[in-house]
Amino acid sequence: LRKNVEDFTGPRERSDLGFITFDITADILNEKSYSKAFGNKNVLIIFDWNVKQLFLYLSAEYSTKNNALNQVVLWDKIMLRGDNPRLFLKDMKSKYFFFDDGNGLKGNRNITLTLSWNVVPNAGILPLVTGSGHVSVPFPDTYETTKSY
């Protein structure tokens, strides 16, 4: 769903506002970037002694005629030690507005959604991990005219 609405944060021009509904299925424990070889078996270390929590977020990346790269965070979640590291989320709505600073969403055929996360340690560096999968979604060529989400 995409609307063309007044953007009060900048110039008095209308901007695209996108709404998406999405499903996320991810197994954070089985990401290749966080498995460590131990003998003949893989020991999964995403929640080792120094990991306090994970900050997961879904972002959209796309290009427009004005900007080669646009990045927007649509949804996030904090995963604590002991939480189920397997996500099976259905019919989720974006948590944050998906505004484009113009009309770059209309008819855009290559908006890529990616699940990433930061490992929040008890002490030390804050590594960024990108999930192994992503999906590209096309946006429609017309605007929705309904007044509600």
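What follows is a chat about the strands, core, aromatic pairs and salt bridges of a predicted model.

Biologist: How many helices and strands does the chain have?
Modeller: The chain has 0 helices and 11 strands. Keep in mind that this is a predicted model.

Biologist: And what share of the residues is buried?
Modeller: Of the 149 residues, 40% count as buried. The accessible surface of the chain is about 9,500 Å², and carbon and sulfur atoms hold 54% of that surface.

Biologist: What about contacts between residues 24 or more positions apart?
Modeller: Such pairs make up 65% of the contacts in the chain with a separation of 6 or more.

Biologist: Now the core. Which residues touch the most other members of the largest nonpolar core?
Modeller: Those are Ile24, Ile28, Leu54, Phe98 and Trp117, in a core of 28 residues. Strands that give two or more residues to this core are β3 (21-27), β6 (51-62), β7 (70-80), β8 (86-93) and β10 (111-121).

Biologist: Which strand gives the most?
Modeller: β6 does, with 6 residues.

Biologist: Is β6 mostly covered or mostly open?
Modeller: β6 is mostly covered, with 9 of its 12 residues buried.

Biologist: Which strands does β6 pair with, and in what sense?
Modeller: β6 pairs with β10 in the antiparallel sense, over 10 bridges. β6 also runs antiparallel to β7, and 10 bridges join those two.

Biologist: What does Gln53 touch?
Modeller: Leaving out residues up to four places away in sequence, Gln53 touches Phe47, Ile78, Met79, Leu80, Asn118, Val119 and Val120.

Biologist: Back to Phe98. What does that one touch?
Modeller: With residues up to four places away again left out, the contacts of Phe98 include Asp16, Leu17, Gly18, Ala60 and Val72. Leu74, Leu105 and Ile111 are also among them, as are the aromatic residues Tyr62 and Phe139. Ring pairs link Phe98 with Tyr62 and Phe139 into a cluster.

Biologist: How many aromatic pairs are there in the whole structure?
Modeller: The search finds 5. One of the pairs is Phe97 with Phe99: the ring centres are 6.0 Å apart and the planes are at 55°, so this pair is tilted.

Biologist: Why tilted and not edge-to-face?
Modeller: Edge-to-face needs planes over 60 degrees apart, and the planes of Phe97 and Phe99 are at 55°.

Biologist: Are those two buried or exposed?
Modeller: Phe97 counts as exposed, at 60% relative accessibility. Phe99 counts as partly exposed, at 30%.

Biologist: Switching to charges. How many salt bridges?
Modeller: The structure holds 3. In one of them, the side chains of Asp27 and Arg86 meet at 3.4 Å, N to O. Asp27 is in strand β3 and Arg86 in strand β8, so that pair links distant parts of the chain, 59 residues apart.

Biologist: How accessible are Asp27 and Arg86?
Modeller: Asp27 is partly exposed at 23% relative accessibility. Arg86 is also partly exposed, with a relative accessible area of 36%.

Biologist: What does Asp76 pair with?
Modeller: Asp76 meets Lys95 in a salt bridge, at 2.6 Å from N to O. Asp76 lies in strand β7 and Lys95 in the loop between β8 and β9 (98-99), so the bridge ties together parts 19 residues apart in sequence. Asp76 is buried at 13% relative accessible area, whereas Lys95 is partly exposed at 49%.

Biologist: And Arg109?
Modeller: The side chain of Arg109 meets that of Asp141 at 2.9 Å, N to O. Arg109 is in the loop between β9 and β10 and Asp141 in the segment after β11 (128-137), so this bridge joins parts 32 residues apart in sequence. Arg109 is partly exposed at 48% relative accessibility, and Asp141 is partly exposed at 46%.

Notes:
Residues numbered from 1 in each chain as written. Predicted model: local features only at pLDDT ≥ 70, side-chain atom pairs only at ≥ 80, totals over all residues. Heavy atoms only, no water. Core = buried A, V, L, I, M, F, W, Y, C linked by side-chain atoms within 4.5 Å. Buried < 20%, exposed > 50% of the residue type's maximum accessible area, 1.4 Å probe, protein only. Helix = DSSP H or I, 4+ residues; strand = E, 2+ residues; numbered from the N terminus. Contact = heavy atoms within 4.5 Å. Phe/Tyr/Trp six-rings, centres within 6.5 Å; stacked < 30°, edge-to-face > 60°. Pairing = 2+ DSSP bridges. Areas by Shrake-Rupley, 256 points an atom, 1.4 Å probe, with all protein chains shown as cover. Salt bridge = Lys/Arg side-chain N within 4 Å of Asp/Glu carboxyl O.
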